[in-house]
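Trainee: Hi! Could we go through this one together? I'd like to start with the charged side chains.

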Amino acid sequence: MTVHTGRHFLQIPGPTNVPDRVLRAMDMPTLDHRGPEFAELGFAVLASMQRVFRTKQPVIIFPSSGTGAWEAAMVNVFAPGDKVLMCETGQFAVLWRGIADKFKLDVDFIPSDWRHGADLAEIEKRLAADKQHAIKAVCVVHNETSTGCVTPPLEVRKILDRVKHPALLMVDTISGLGSMEYEHDAWGIDVSVAGSQKGLMLPPGLGFNAVSEKALAVAKTNPGMRSYWDWQEVINFNKLGTFPYTPATNLLYGLREAVKMLEEEGLENVWSRHKRHSAATRAAAKVWGLETQCLDPAAHSPALTGVRVPDGFDADAFRKVVLDNFDMSLGTGLNKVKGKVFRIGHIGHFNDLMLMGTLAGVEMGLDLAKIPHRSGGVLAAMDVLKGRDAVPMTQVA
């Protein structure tokens, strides 16, 4: 058995590295979740998540994974037989569609090559053709974690408005929230789905739905069955700072601290940091001579980069070389890109030196795995990172 020293490098695109501050914040005794002290925590985290989603509307927090938040979004607004328009941007779009199928929704699924965001022209074409407004919602994945391709929710909202279609806009931003620009209210999003284990820098265990007035109105008239996932019941209890079930108390302590960290840095600065790290990673891949999974320059994810290995080579065998030699975990390829792609996560609690260590591990791993490439990717990434404005020495205390 290989014995590693130092800290393990977790460079998958989620769950992400949990900051020590968040771990310490979670290290609290069990709290009475019906008492006044918990109510203070409850009100604080609910308000903080409204700020992160950029909404004045309710944000509903479930003790769940992102998959639970997906299901909650669906059972509140849909009944069996309802028609939805969804887009095959990657594995997580496929999995979301799978939930829709299990609830017997009528899914119109727009196919793709897994190398671009959603086909906006095709979305517009299908919505414009839906003269009877049978489509109840358009569901898109904001940041497709399996490919590293982004679909801009605002552009989907513009399409809905342009063709005057009343469908709800539902967005999975599980790996987008906290890592890239997101505006629930300003972009006219009806239901936003998120999870705790990505840009929010927490362990898995919290799922989120941010919901518009329109979505709440649809939910109130929806005859579909739900209990645990019922938005209105949660909202009613939230008015008292509590929840209708036993909440994940210690994760909520961590959430309060995580949002504090995001706001200390400034959300706009957080978004910019992720963009810089993404640009540096792509610069390294270009010099290595390896393709990124995302082919659209306008759709590259700030949160992760999918990198393709040359034909005849196995991305998972490469990942094992990196893990065995450098104690670093890279994301695997999923479904259609299994064995063809490895994913570099640069999301959440992350900085320049962590990225440089990650890319150095990748470049050394390419050498050891004998994958054809050019050297110098790490240097190219360094040039991107050094391009930001330096802090004058006179400002350094």
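Trainee: Which side chain of opposite charge is nearest to Arg-308, and how far away is it?
Mentor: That would be Glu-291, at 4.4 Å. Keep in mind that this is a predicted model. Arg-308 is buried and has no salt bridge.

Trainee: Why doesn't the Glu-291 pair count as a salt bridge?
Mentor: The cut-off is 4 Å between a side-chain nitrogen of Lys or Arg and a carboxyl oxygen, so Glu-291 at 4.4 Å does not give Arg-308 a salt bridge.

Trainee: OK, what polar contact does the Arg-308 side chain make?
Mentor: Its partner is the side chain of Gln-293, at 2.7 Å.

Trainee: And where does Arg-308 sit, and what does it touch?
Mentor: Arg-308 belongs to strand 11, which covers residues 304-308. Beyond its neighbours within four places in sequence, its contacts include Arg-115, Leu-290, Thr-292, Val-337 and Lys-340.

Trainee: How many salt bridges does the structure hold?
Mentor: There are 21. One of them pairs Arg-126 with Glu-122, at 2.7 Å from N to O. Both residues lie in helix 5, four residues apart, about one turn of the helix.

Trainee: What about Glu-265, what does it pair with?
Mentor: Glu-265 meets Arg-273 in a salt bridge of 2.7 Å, N to O. Glu-265 is partly exposed at 31% relative accessibility, whereas Arg-273 counts as buried at 13%.

Trainee: Which residues are linked in a network of salt bridges?
Mentor: Arg-21, Glu-257, Lys-260 and Glu-264 are joined that way.

Trainee: Switching to the backbone: where is there a cis peptide bond?
Mentor: Look between Gly-14 and Pro-15, where omega is about -5°. Pro-15 is in the loop that runs between strand 1 (9-11) and helix 1 (20-26).

Trainee: I also want to check positive phi values. What is phi for Trp-114?
Mentor: Phi of Trp-114 is about 65°, and this residue is not a glycine. Trp-114 sits in the loop between strand 4 (106-110) and helix 5 (120-129), and it is buried, with a relative accessible area of 1%.

Trainee: And Asn-335, what's its phi?
Mentor: Near 55°, also positive in a residue other than glycine. Asn-335 lies in the loop between strand 12 (328-332) and strand 13 (341-345). At 45% relative accessibility, Asn-335 is partly exposed.

Trainee: Last topic, then: what is the volume of the largest pocket?
Mentor: About 480 Å³. Its lining has 24 residues, and Val-150, Pro-152, Met-180, Ala-298 and His-300 lie nearest the centre.

Trainee: Which helices each supply at least two residues of that lining?
Mentor: Helix 6 (153-162) and helix 10 (267-288) each do.

Note on methods
Residues are numbered from 1 along each chain as its sequence is written. This is a predicted model: local features need pLDDT of at least 70, side-chain atom pairs count only at pLDDT 80 or more; totals for chains, interfaces and linings use all residues. Side-chain values use heavy atoms; hydrogens and water are left out. Buried means under 20% relative accessible area, exposed over 50%, partly exposed in between (1.4 Å probe, protein chains only). Lys and Arg count as positive and Asp and Glu as negative; His and the chain ends are not counted. A polar contact is a pair of N or O atoms within 3.5 Å; within protein, one must be able to donate a hydrogen and the other to accept it, and residues adjacent in sequence count only if both atoms are side-chain atoms. Contact means heavy atoms within 4.5 Å. On a 1 Å grid over the protein atoms alone, a cavity is a set of points where a 1.4 Å probe fits but cannot get out, and a pocket is an open set with protein on both sides within 12 Å along at least five of seven lines; lining residues have an atom within 4 Å of a point. Grid points are joined across faces, edges and corners, and a volume is the space filled by probe spheres set on the points.
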